[in-house]
Amino acid sequence: MPLQTGILGSHSRLFDFLSRLTDIGILGLTLWMAHLSEDRSWTQASTLLFLFALVYFQLSASLTGLYNSQRLTTTRQHLGDVLAALLGAFVLITMTAGLSNRLHSLADRMTLLEWLVSSALALCLWRLLVKLVLNRARQRGYNIRTAAIAGSGKLALSLAEKIRS
């Protein structure tokens with residue numbers, strides 16, 4: 001009999017892809033909104049900036065483990081991973097723009113700052129919403145797992161508490 005892994009387990013690649021795609025969409029939407037608030041039109045430089053942001057965010061997200069299973073992480077840890085990946089991407093964008101004369105005109109500092117703040121808020125709110133929905137689904141008995149913990153020491157009790165919360 002095959003082991004059941006819950007709703008997400010059998011579709012983990014699809015959900016990973018959708019999570020990455022949603023993050024890309026949020027980054028694009030917040031950059032577009034930053035352009036609108038500054039009364040700037042979308043240019044070829046904006047597209048280039050967006051592409052750099054995508055690559056750098058995906059790189060930073062991989063380094064922080066953002067797309068790994070978040071089942072045993074706290075909300076604070078998960079949001080910290082989101083912010084670390086975003087901050088890493090923006091540091092790399094700033095470094096890239098500073099190192100190249102041609103890329104220096106990609107965006108002014110105010111647009112970048114507004115984009116950083118709005119994308120941080122949007123990504124964190126989105127992640128909180130997803131975590132809330134998944135927690136509600138688990139409370140109703142969906143997407144749950146069973147585990148057996150061997151032992152009764154401090155480590156076993158700590159693991160049991162982590163699983164319960």
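From the N terminus on, the elements of the chain run α-α-α-α-α-α. That makes six helices and zero strands, taken as DSSP runs numbered from the N terminus (helices H or I, at least four residues; strands E, at least two). The model is predicted, so local features need pLDDT of at least 70 and side-chain atom pairs count only at pLDDT 80 or more, while totals for chains, interfaces and linings use all residues. Residues are numbered from 1 along each chain as its sequence is written, and side-chain values use heavy atoms, with hydrogens and water left out.

Of the 165 residues of the chain, 28% count as buried; buried means under 20% relative accessible area, exposed over 50%, and partly exposed in between (1.4 Å probe, protein chains only). Among contacts between residues at least 6 apart in sequence, 73% join residues at least 24 apart, where contact means heavy atoms within 4.5 Å.

**Helices H3 and H4**

The axes of H3 and helix H4 (residues 75–99) come within 8 Å and cross at roughly 135°. Axes are lines fitted to C-alpha atoms, for helices over the stretch in contact, with angles from 0 to 180 degrees between N-to-C directions. H3 and H4 are therefore oblique to each other, given that angles under 35 degrees count as roughly parallel, over 145 as roughly antiparallel, 65 to 115 as roughly perpendicular and the rest as oblique. Residues making the contact include Phe52, Tyr56, Phe57 and Ser60 of H3 and Val82, Ala85, Ala89 and Leu92 of H4. By class, the contact has 14 nonpolar, four polar and one charged residues (Ala, Val, Leu, Ile, Met, Phe, Trp, Tyr, Cys and Pro count as nonpolar, Asp, Glu, Lys and Arg as charged, and the others, Gly among them, as polar).

**Two residues of the contact**

| Residue | Helix | Relative accessible area |
|---|---|---|
| Ser60 | H3 (residues 44–64) | 6% |
| Val82 | H4 | 1% |

Ser60 counts as buried. Leaving aside neighbours within four places in sequence, Ser60 is in contact with Ala85, Gly88, Ala89 and Leu92. The side chain of Ser60 also reaches the backbone nitrogen of Ala89 at 3.3 Å.

Val82 is buried as well. Not counting residues up to four places away in sequence, Val82 touches Phe57, Leu66, Leu123, Cys124 and Arg127. Of these, Phe57 belongs to the H3 side of the helix contact. Val82 and Arg127 are 45 residues apart in sequence and 8.5 Å apart in space, C-alpha to C-alpha.

Definitions and conventions. Polar contact = N/O pair within 3.5 Å; in protein donor to acceptor, adjacent residues only side chain to side chain.
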